[in-house]
Structures are given as structure tokens and as C-alpha cells.
Amino acid sequence: MDRSELPGAGLPRRRGVLAGAAALGTALLAGCSVPAPRRTQPVADPAPGVPIVSTRRAQLLQFAAHPDDDLYFMNPDTQRMLDAGVPLVSVYVTAGEHEGVNRVKGMPPAKPDRAAYSSARHQGLRQAYATLLGLDTFTPWQKGVITLQGGRRAEINTLVHDGRRVELIFLNLPEHAPRRYMALPALWRDRALELRTHLSADSPVDRSDTYDHDQLIDVLVGLLDRYRPTIVQTLDPDPDIQLSDAATRKRDAEQPGYSDHGAHTAAACFSWAALIRWVAQDQKGPGQIPAFVATAFRGYYNRHWPKNLPPQVLDEKAGHLLPYGGDPAWECGNPSGCGDYSVGGGRPLTNSKGWVRATHHRWPGAGPAVVARSDGRLDAYGVLGLRAVRWRETERGSGLWGDPTDLGGGPLVPALGSATLPDGRVLLFGVRFAALAGRGGPNEREVVLLEQRSPDGPFLAWRGLGNPERKDDRGRRIGVPVAVATPDGRVHLFLRNADKGVSTRVRETDGAWSSWRDLPRAEEIQDGLEVVVDGAGRVHVLGAGRNSVQHWIDSTPAAPLPLAGDPVAAVPAQGRAGVEVYYRRPATKELLSRRGNASFDGYGSVAAAADAGGTVLLGRDLRGRIQLRRGGRLWTRTQGAAAVQAPALRLLPGGPVAVGLGADAHPWVWRPAKRTGATSTS
């Protein structure tokens, strides 16, 4: 490793066990921040140059608050990994016992039995994941007990089939405290609280354990260290601000002020605190960084925005919720019940909340930032182990990558923005967890910049660009930064702000930055901004809103475009000023432009680029495979590591190149024109 290329070459002990705690107050539900850590923990060090260690053995680990969060919010991503043979460990923080009533439509409520209801939901998960592996719904699982950090115990269910493996781990913290306060948000916020685990019926775990704030993080860190995942999936630690009255919040099951369930937010905060602590401990101890890619998923956010799954993908996703819901008439072998009956039948598709009809990443990105060096080799920049890294192609056109070089800057959210200056220097933009502390500690996000000193050369030190929001709570809601360099040498930086609009800063040619300012807007937009410079040198920004795609030209609102369910893609219009925009209407598979159907059916975000030969499109087909269209030809990637997140698209002299991250946390290159690992149709 050439280090010259790296950037910047005593609190009260009160205990209240929440099986019998007093009222905690409505402040427990306001998000995931408040009192100060009791014990010193390793601190994330953003300095670069730390070895990054990877086994290249793909492993998916996901953290959920409740049984079913993964099925509602993380699929179809989880299913695509399982289909590719990636082993899965799914950790459920709460027991999911709720009121203890397994409701059956059309029948009077049964007598509450929290132990039985929790057990029935666990059985529903076993049924769902058996079908995800292509097995019979009632395939037997191996039940056991796993010993966790501090000697705590949890139930573990294991199913192995045809070389594929699923493990379900139930920590079983309670959902609710007395007087119906949510327990997990309370544990995130309260410095002197303990929770006693819930015992589910029919479980091999026969005694309760207690958890305080730090002990839960320690247990999650222990699981990360045990399984050494290459992919980590969590819920959303920083949900959108969503103001509504008490009746609406109750109907939508949302916490006051935010568009998600309070336990989802708390579980996500604990998960990200564990990821940060895991990296810090490895950095301080063995002196290395674990190689993993993290992804966070939106939760009840799905209710508030246009749906983005076409019928073919939706039916598949909802189809795996049906065995989770089960039916009281089933003979599944679990005396306490055969699923979460309120989710059975066709109810996931008829539920007015529409959670199942969309899958959104909290920090959507356009894949690795890919740059062609002066010697023809490719550099790819991304986030690995919560830190910025660079992979370098070993030989021009080889498609092989060296080990990642640590550029530091962490802990970062899992998406980078980038811009290349006219002289070839690279600028990388990220959002850093400046602080993530419960119990009254700070909870802050900061936009950060890493700037290359010279083309193909070393980097300067990381620089903070602040946050367009003045208050920390609002600052947590910002989106992924996107940037573009204009022919005059300036760099325009944009991101979604807490009001669901767009904020911007501009870097002048001398390197000085303007202040943050907000663009005028007509409606709220989702994250996943697209920014393009047209043939006249004008900067276009596009964001998918609730009723249309919002469009700005040189920071001035332009006419809105038709409604889209996902972020849009755009390229400069050929032979004229303006841009050509590609989008999918909500819940449809067809990719459209002003010229009509682009013959690129699929789902999820799309990347687009144009040259003299026309527009090239890159995205996923309806089976989740990477596909590319150029002119009248369509290629589908059929070999190589399963793709995680969205791939990046580059147009090179030899043809279009797609670069993405695989389930093994290592980049892959796909050159369809070479006909390697691809099928082609005309």
C-alpha cells in the first residue's frame, strides 16, 4: 500500500427493569436520541490507511425490530441474495408479542397470550423462509439455543437446503412496557433502564435475561463478530419528519413526528451503533477494518410515497408474506399457532397502508464512483466497513481488482456522491455519523468531502461541509449528496433536506464553497436525486415527488415531469439543450421517456449515459438480474457474484462497462460487449 496516496497522509446506577417499570413519559417516542454514555467505548477513528480484511465469503446478516420487518421492508433484496446462494442470519430484537392476541378476521379476539402469539409469529417466519428456499411450507427446522455476549441466551432456528442456509435468532426483548410505552425506544433513550426478555411458548430458551443499553449493543456486536457478514441490512435510523394528529398516528402505527414505527427506529439506531462499535473495536484491537457493505431500508415511509414494485415483483414479495401469516386451520406442528393470522390470506395486498407495495433504501445511490485513470485502468470508490475505500483495476481492461485501499472518513452512510474536475481530479462526498449516541448523547450527521490533490494522485485531508439543517434532529434527515462539475470548473453539490426539498452548495474554481441554500420547490420529493449538465452547460436536478418529478435548471424550477415511483435517470439531449429523462410510473415495469417505451422492463433505479451511439441504460430486470440496453440490443448478466445495491455505468472506448459491488463485498466488472457472463437479445 502506498500511504502517500491516502488522505491527510460517571452516571447514576438506577435500574428499572421494564417488566415492571413506572411510566416513562411521551418523550420516549420522539426518535432515537437523548442522556449520555456510562462507559467508555472505542471511538471511530476517521484516519485513513487501516488494513481492510475480507474473507470473500459472502454472508448476509440482517437486523429487524419485529418478526415480519424483513419480509415487508427488506424483500425482494433478501430473496435475491438467497436465490444466489448467500447464507442468511436474521436477528429479531423484540419478541413481537404485542398484546398477545393472534387476530383472525371474522372471529372474536382470543384471550391474550403473549408467549403463544410470539411463538406463532416465529413459526410464521419459519414457514416464510422455507418457501424462500423453495421448500414445503412446513419443512422442519432445527431449534437450538445460542449463547450471546455476557452469557445471555437466545433461540436459534436453522434450515439448510441444497447448500443454502438460513438462521433465525430471536433476542426476544419485550415490545411494550406497562401502560403501553414502547420498550425498545425507551431502552435507546433511558440511561438507567433494563429490559427483561420475553419467554416464547415452545422455545428451547427457558429463562429470561436482562439487557441495558450497552449490553444490547454488545450482543449485536458479538453477533457481527461471530458471523463476520459481508452484507448487513438494517431498518431506518433516521426516518422522515412526518407531522400528523394523534388519530392518524394511531391508525398508521407511527411515532409522533416521524414516518415510522418507534421500535423500527430504535432497532436501527442500536444496529448502526453496533456496526460503528464493531469497526472501532476491530480497528483498536487487531488493527483492521471488517469488509462489509451496509444497507438501511425505509419502513412505514412506504405508505406515504408512490409505490415502486411492478405486479410481477410485488406478487412474489407478497407471496412470501402469506406463509408468514399462516392460517389457524393449518397443521404446522406448532401448538401455539401457525403464523401471524392478521397477515394471512390476501391481507398484505389489501392493507390500506401499502407497506408491501414498495421497497426503498434509506440512502439510495448510483453504485460505486468509477473513474478512468490516465493509464486506462479503472478506479472504483465506495463505502466498505463504513469507510471510504478505493479499488484499482490490476490491468487495463482486466476486470480484476486489487485489495481495497482505506481512505478513512468513517463512519459513513453507505453511499458516496462524486464529481470529476476538468483537470481529472476526483471529489468524493459522503454523510458522516458525526455522533450516534443514545441516552442523551449527541446524534449528528455531517456532509464531508475528500478531494484529490492531483489527477491520479494522493488526497487531501477530509473536510467537513456542515449540514444544511441547523438542528441536529433535522440534520439526521438529509439524503445522499450528489454533485456535478460544470465546464467552467465549478462543482454543484445537492442533497435532499429535512423538508423533503433540495439544498445546494457551490464550489468555486478557487476551491471556496458558498453557503448552503434551499432551492424553491412546488412539492416534496424523495431521495435519489439525478443531476446532469446539458449541452448548453446548464445544471439540471431532478427528484421524484408525490405527484410529479420535480425539475430545476440552474437552480430555477422548470416544468414538472410525469410521476415516477423511483428515482429517475437523465442524459443530455443530443444536438440541443435540455435532457432526456427515463422513468417508471408507479407500480409498473415499463421504462418510459418522452419518446415512449424504452423496452427496458424491470424495477428499481436505472443508470443512463449517452454518446454518439445513443443512450445506454443499466438496471435490473424483473428477476433482479443486472441488464443493459444499447441501441436495439439487450444484455443480461448471468454470471458472477450477486449484485448488491445499484451498479454504476461508464462509457469507455471499448464499450459500456457496469461496475458494482457483490455479495462478497468486492467489486465486479461487466463488459457486455465482450459477451462474458451475459445473454443477449435484439
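A cavity is a set of grid points where a 1.4 Å probe fits but cannot get out. Keep that in mind for this predicted model. The second largest cavity holds about 60 Å³ of space. Its lining is made up of Ala-44, Asp-45, Ile-276, Val-279, Ala-280, Gln-283, Gly-385, Leu-386, Arg-387, Gly-410 and Pro-411. By class, that lining divides into six nonpolar, three polar and two charged residues. Helix α7 gives the most, with four residues.

A cis peptide bond joins Gly-410 and Pro-411, with omega at about 0 degrees. Pro-411 sits in the loop between β18 (405-408) and β19 (417-420).

There is another cis bond to inspect. Asn-75 and Pro-76 are joined by a cis peptide bond, and omega there is about 10 degrees. Pro-76 falls in the loop between α1 (69-74) and α2 (77-83).

Now go back to α7. Which helix does α7 cross at roughly 65 degrees? The partner is α5 (residues 213-227), and the axes of α5 and α7 (residues 262-284) come within 8 Å. The crossing is right-handed. On the α5 side, the contact residues include His-213, Leu-216, Leu-220 and Leu-224. On the α7 side they include Phe-270, Ala-274, Trp-278 and Gln-281. Sorted by class, this contact has 10 nonpolar, three polar and five charged residues.

Helix α7 also takes part in the second largest pocket. That pocket has a volume of about 1300 Å³. It is lined by 39 residues, and the closest to its centre are His-98, Lys-250, Ala-253, His-261 and Tyr-300. Two or more lining residues come from each of α1, α3 (114-132), α6 (246-252), α7 and α9 (347-350). The largest share is four residues, from α6. In class terms, the pocket lining has 14 nonpolar, 10 polar and 15 charged residues.

Next comes the largest cavity. About 80 Å³ of space lies inside it. Its lining has 13 residues, with Glu-155, Phe-170, Asn-172, His-198 and Val-205 nearest the centre. Strands β6 and β7 each supply at least two of the lining residues. The lining counts five nonpolar, six polar and two charged residues.

The loop between β6 (153-161) and β7 (164-173) holds Asp-162. Asp-162 is not a glycine, yet its phi is positive, at about 55 degrees. Is Asp-162 buried or exposed? Its relative accessibility is 68%, so Asp-162 counts as exposed, because the cut-off for exposed is over 50%.

Asp-68 also has a positive phi without being a glycine, and the value is near 110 degrees. Asp-68 is placed in the loop between β3 (60-64) and α1. Its relative accessibility is 10%, so Asp-68 counts as buried, because buried means under 20%.

Finish at Val-426, in strand β20 (residues 426-436). Val-426 has a relative accessible area of 2%, so it is buried. What does Val-426 touch, leaving aside residues up to four places away in sequence? Its contacts are Val-371, Tyr-381, Ala-419, Thr-420, Leu-450, Glu-451, Gln-452 and Phe-459. Take Glu-451 from that list. Val-426 and Glu-451 are 25 residues apart in sequence, but 6.2 Å apart in space, C-alpha to C-alpha.

Terms used: Residues are numbered from 1 along each chain as its sequence is written. This is a predicted model: local features need pLDDT of at least 70, side-chain atom pairs count only at pLDDT 80 or more; totals for chains, interfaces and linings use all residues. Side-chain values use heavy atoms; hydrogens and water are left out. Axes are lines fitted to C-alpha atoms, for helices over the stretch in contact, and angles run from 0 to 180 degrees between N-to-C directions. A crossing is left-handed if the near helix is turned anticlockwise from the far one by less than a right angle, and right-handed if clockwise. Contact means heavy atoms within 4.5 Å. Ala, Val, Leu, Ile, Met, Phe, Trp, Tyr, Cys and Pro count as nonpolar, Asp, Glu, Lys and Arg as charged, and the others, Gly among them, as polar. Buried means under 20% relative accessible area, exposed over 50%, partly exposed in between (1.4 Å probe, protein chains only). On a 1 Å grid over the protein atoms alone, a cavity is a set of points where a 1.4 Å probe fits but cannot get out, and a pocket is an open set with protein on both sides within 12 Å along at least five of seven lines; lining residues have an atom within 4 Å of a point. Grid points are joined across faces, edges and corners, and a volume is the space filled by probe spheres set on the points.
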